[in-house]
Amino acid sequence: MQMRAQQIESLPVHQRPSARELGRRSEVADNPFRAMSSPTKAKPVASGVEQMFPPMVTTIAQKQRMILAAVDDAAAAAGLHPGMALTHARALMPDLDVRDADPQGDRALLHRLALFAVRRWTPTAQVDELDGLLMDISGVAHLFDGEQRMARHILRFCHRAGLFGRIAIADTVGAAHALARFGKERISICRTHEELTALGSMPIAALRLDERQRDGAQRLGIERIGDLVAMPRAPLSRRLGGSLLRRLDQATGRLAEPLVPVVPFEMPDVVRRFAEPIGAAETIARVIADLTQDLARLLLSRGLGVRMLRLVCERVDRAEQAVVVGTARGTRDIAHMLRLLTMKIETIDPGFGIDSMRLIALRSEPLDPIALTADFGENAPADLASLVDQIVTRLGQAAIYRPTARQSDVPERSIGRVFPLEAADCWSTLWPRPARMLRRPERIENVLAGLPDHPPKRFRWRGVTHTIACADGPERIRGEWWRRPGESYAVRDYFRVENEHGERFWVFRRGDGEHACSGDLSWHIHGIFG
């Protein structure tokens, strides 16, 4: 004990154990909320990433209390699990990173994953609750060299996407659901007609029962699915409801449970194949007219209007010539679509001939019928969509746009571009803004100005020296610290200045003139007033 005391005294003050740790260790009681762990198993050493970021959990409200909806690996290693009360979890780990669960976002991600599965793995996939997918792999497993290799392929994809997955393969949906969530292995494969053997030792919660049925089974002393199978069915149906037996029969294969698969959106497209290759511009124009009429009828039957068209011409040498045009708003006007496509005919190289042509609606939107008015004279409202589409088709997307306001205090981020026919937001600021804003602030030289908050008296920009006659300001704008750490202390002081010739500029100085971290005191011009 004396040697231990000497060792403690030799330590620096900030490294010495507290008085509580130096107390009577033999009387310390075990915390009942502490996660149980084996005394012989050494605790793993946390990596640098785990030490930097605390364990994270998501929570959801249930019956006027907060419970855990999901936990990460570090939280699960500490004994936390979904369904645990948040107060219990905080007692175990006070430094938890607690965030709100997003069930709608999770379901949207699962829906996207199901669509991906339909296109890559199997033609039938269904979203299962809030944390799983159901896929019918009958007849497709051999394409991946068997069920085991297919499961590993899917798990590798989930790992690359940042998802943790468990896979169970069985003849019934109920058995696959139970093995994936309550099995011991990440990949579980149940043999045909052995569902009852695989599920016998699992808890009854694996049968997808509601809370009332689980509580009723606990009161009856039923804990495992095997115990449930051995009991008479009629008393169970009266006590716990007929849905319990239906779930049991679905899991064991006595009752069918069909899937309701997701159906991916098929882009409207029409195609023409020719007995002999074509190459003349007039022939191509006639085929485009036929394709446009067919696509318009298809869009009408689906209640859609096209926003982006793609014309693909496949030549005899298997090379493709593609033309893409867009519209300002959804349309099914045959003449308008044909006009846009024929403007691009000169860009098509037929080569030795074109074998087939396909017209695809890459982007579409719902389009309802429009009521026509009786006023077709001079007072009829002008439709600018046709003009905008022709300008964009000839000169490109960047040729015509409409400025709009963005949610930002930094001037270069507060201005954006939208399509000409889209609604634009107005600026709400107490300070006037220049009519012309430069894409990037340009530095000005030879600035004569007083510190800390005086406007410039003279500066040189683009080779011309400007002498300032009057000025107004400053307007202080700070950086957006939530975007990046470098803007935490950034400061700009803006001035409206007018030279002796009546030209007005919007200039600013980086920094507040007192703290070096706020800026280097350089001057820039950001805009020109009309």
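A residue is called buried when its relative accessible area is under 20%, exposed when over 50%, and partly exposed in between, using a 1.4 Å probe and protein chains only. Keep that in mind, everyone, as we will come back to it.

What you see above is a predicted model, where local features need pLDDT of at least 70, side-chain atom pairs count only at pLDDT 80 or more, and totals for chains, interfaces and linings use all residues. Residues are numbered from 1 along each chain as its sequence is written, and side-chain values use heavy atoms, leaving out hydrogens and water.

Let's start with the overall picture. The protein chain has 15 helices and 20 strands; these are DSSP runs numbered from the N terminus, with helices being H or I of at least four residues and strands E of at least two. Of its 530 residues, 34% count as buried.

Now to charges. Side chains of opposite charge can pair when their charged atoms come close. We call it a salt bridge when a side-chain nitrogen of Lys or Arg is within 4 Å of a carboxyl oxygen of Asp or Glu. How many salt bridges does this rule give? The count comes to 25.

Here is one of them: Asp131 with Arg181, whose closest N and O atoms are 2.9 Å apart. This pair links distant parts of the chain, as Asp131 sits in the loop between strand S4 (125–128) and strand S5 (132–135), while Arg181 belongs to helix H7 (residues 173–182), 50 residues apart. Asp131 is exposed at 54% relative accessibility, and Arg181 is partly exposed at 28%.

Next, look at Arg233 and Asp249, also a salt bridge, with closest N and O atoms 2.9 Å apart. Arg233 is in helix H11 (residues 233–240) and Asp249 in helix H12 (residues 242–252), so this bridge ties together parts 16 residues apart in sequence. Is Asp249 buried or exposed? At 13% relative accessibility, Asp249 counts as buried.

My last pair is Arg413 and Glu487, with closest N and O atoms 2.6 Å apart. Arg413 is partly exposed, with a relative accessible area of 26%, whereas Glu487 is buried at 7%. Salt bridges with shared partners join Arg413, Glu480, Arg483, Arg484 and Glu487 into one network.
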